[in-house]
Amino acid sequence: MDGSVRTASDEGPPAYYRGNESSLVSALKTLLFFTILMVTLPIGLYFATKAYVFEGSMKMSSSDSYFYAAIVAVLAVHVVLALFVYVAWNEGTPKGKGKHD
């Protein structure tokens with residue numbers, strides 16, 4: 001024995017922390033992507049369907065087109081949320097492996 005005393009701080013970050021940095025960055029990128037998608041997709045679909053589909057193609061009145069465009073936007077929110085839950089649920093699973101061999 002050489003007489004030196006080693007502490008936990010000499011070894012660097014703990015082993016459980018070292019591998020989590022890339023997964024944290026990946027999770028933040030996923031969250032940022034779905035946040036942007038949650039803001040832009042429903043608003044874009046609302047105005048696009050109101051102007052081009054309901055008032056343009058279907059010749060609906062302005063008050064009816066507001067209502068149906070809002071339904072499209074709400075459905076888009078639900079689709080984005082379901083997609084986020086699916087991606088977040090499967091984020092930690094290894095790729096390329098089947099459930100049972």
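Which residues is T30 in contact with, leaving aside its neighbours within four places in sequence? I began my notebook with this question and looked up T30 first, taking contact to mean heavy atoms within 4.5 Å. With those neighbours left aside, I find T30 in contact with F84, V87 and E91.

**Ground rules.** I am working from a predicted model, in which local features need pLDDT of at least 70 and side-chain atom pairs count only at pLDDT 80 or more, while totals for chains, interfaces and linings use all residues. Residues are numbered from 1 along each chain as its sequence is written, and side-chain values use heavy atoms, with hydrogens and water left out.

**Overall layout.** I looked up the elements and noted three helices and zero strands, running α-α-α from the N terminus on; helices (H or I, at least four residues) and strands (E, at least two) are DSSP runs, numbered from the N terminus. The chain has 101 residues, of which 12% count as buried, where buried means under 20% relative accessible area, exposed over 50%, and partly exposed in between (1.4 Å probe, protein chains only). Among contacts between residues at least 6 apart in sequence, I noted that 56% join residues at least 24 apart.

**S65 and its surroundings.** I then turned to S65, which sits in helix α3 (residues 62-90) and counts as buried because its relative accessibility is 0%. Not counting residues up to four places away in sequence, S65 touches K50, F54, E55 and M60. I also noted that a polar atom of the S65 side chain lies 2.8 Å from the backbone oxygen of S62.

**K50 and E55.** Two of the residues that S65 touches, K50 and E55, have side chains that meet in a salt bridge at 2.6 Å, N to O. The rule I applied asks for a side-chain nitrogen of Lys or Arg within 4 Å of a carboxyl oxygen of Asp or Glu, and by it the count comes to one salt bridge. Side chains of opposite charge can pair when their charged atoms come close. I recorded K50 as buried because its relative accessible area is 11%, whereas E55, at 27%, is partly exposed.

**The loop residue K59.** In the loop between α2 and α3 I found K59, which has a positive phi of about 55° although it is not a glycine.

**Surface.** The accessible surface of the chain comes to about 8,400 Å², of which 68% belongs to carbon and sulfur atoms. On that surface I noted a nonpolar patch of about 390 Å² made by F67, Y68, I71 and L75. Of these, I followed up L75, which lies in helix α3 and is exposed, with a relative accessible area of 51%.

**Record entry.** Last, I consulted UniProt, whose unreviewed entry lists residues 31-54 and 66-89 under "transmembrane region"; I kept in mind that such annotations may be inferred rather than shown by experiment. In the model, the span of residues 31-54 is 100% helix and 0% strand, with its end C-alpha atoms 32 Å apart. For residues 66-89 I noted 35 Å between the end C-alpha atoms, with the span again 100% helix and 0% strand.

Note on methods:
Polar contact = N/O pair within 3.5 Å; in protein donor to acceptor, adjacent residues only side chain to side chain. Areas by Shrake-Rupley, 256 points an atom, 1.4 Å probe, with all protein chains shown as cover. Patch = residues over 30% accessible without salt bridge, like charges linked within 9 Å, V, L, I, M, F, W, Y side chains within 5 Å.
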